[in-house]
Amino acid sequence: MAILKVSIESLKATLDVDFLPLKELADLPQNKSSQENIVCELRCKSVYLGTGCGRTKDTAQAVAGREALKLFLKKKVVVTICKRKYCGREVEDMVLLDEGSRPVNLPPALRNPQDFM
């Protein structure tokens with residue numbers, strides 16, 4: 001997570017971190033036996049970077065950070081407008097993706113992506 005924060009700060013940007021209890025996220029499958037109960041979403045300059053789940057805010061943020069870092073380690077990434085679920089409906093969101101990949105099974109947004117624009 002530290003590498004991600006330093007990278008974003010070098011761009012004179014900030015890392016936006018949102019948390020939500022898993023049970024409040026209607027569009028995510030609920031696993032009753034799971035120990036994970038917090039969801040974290042990371043963004044930079046309104047671009048979605050990654051989502052992670054964990055037992056605590058720290059572990060959820062660490063998982064989301066690892067997901068985002070995996071993308072930054074690719075040869076080339078692009079920001080693409082994709083459809084994501086938010087409160088049961090599809091909304092447009094700017095998403096960081098590997099240039100060669102297609103947006104498949106993106107997790108639902110924790111906040112309305114339009115609030116960031």
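The questions below turn to one residue, its contacts and a helix in this predicted model.

Me: In which strand is the place of Glu 41?
Reply: The strand in question spans residues 38–44. Glu 41 falls in that run, in strand β2.

Me: Is Glu 41 buried or exposed?
Reply: Buried means under 20% relative accessible area. Glu 41 has a value of 0%, so Glu 41 is buried.

Me: With which side chain does the side chain of Glu 41 make a polar contact?
Reply: The Glu 41 side chain also reaches a backbone nitrogen, that of Leu 110, at 3.3 Å. The side-chain partner sits at 3.0 Å. That partner is Arg 84.

Me: Over the face of which residue does Arg 84 lie?
Reply: Arg 84 is 3.8 Å from the ring centre. The ring belongs to Tyr 48.

Me: How many aromatic pairs does the structure hold?
Reply: Ring centres must lie within 6.5 Å to pair. The count of such pairs here is 0.

Me: What does helix α2 reach from its first C-alpha to its last?
Reply: Helix α2 covers residues 57–72, which is 16 residues. At 1.5 Å a residue, 22 Å is expected. The model comes close to this, at 22 Å.

Notes:
Residues numbered from 1 in each chain as written. Predicted model: local features only at pLDDT ≥ 70, side-chain atom pairs only at ≥ 80, totals over all residues. Heavy atoms only, no water. Phe/Tyr/Trp six-rings, centres within 6.5 Å; stacked < 30°, edge-to-face > 60°. Lys NZ or Arg CZ within 6 Å of the ring centre and 35° of its normal. Helix = DSSP H or I, 4+ residues; strand = E, 2+ residues; numbered from the N terminus. Buried < 20%, exposed > 50% of the residue type's maximum accessible area, 1.4 Å probe, protein only. Polar contact = N/O pair within 3.5 Å; in protein donor to acceptor, adjacent residues only side chain to side chain. Expected span 1.5 Å × (residues − 1).
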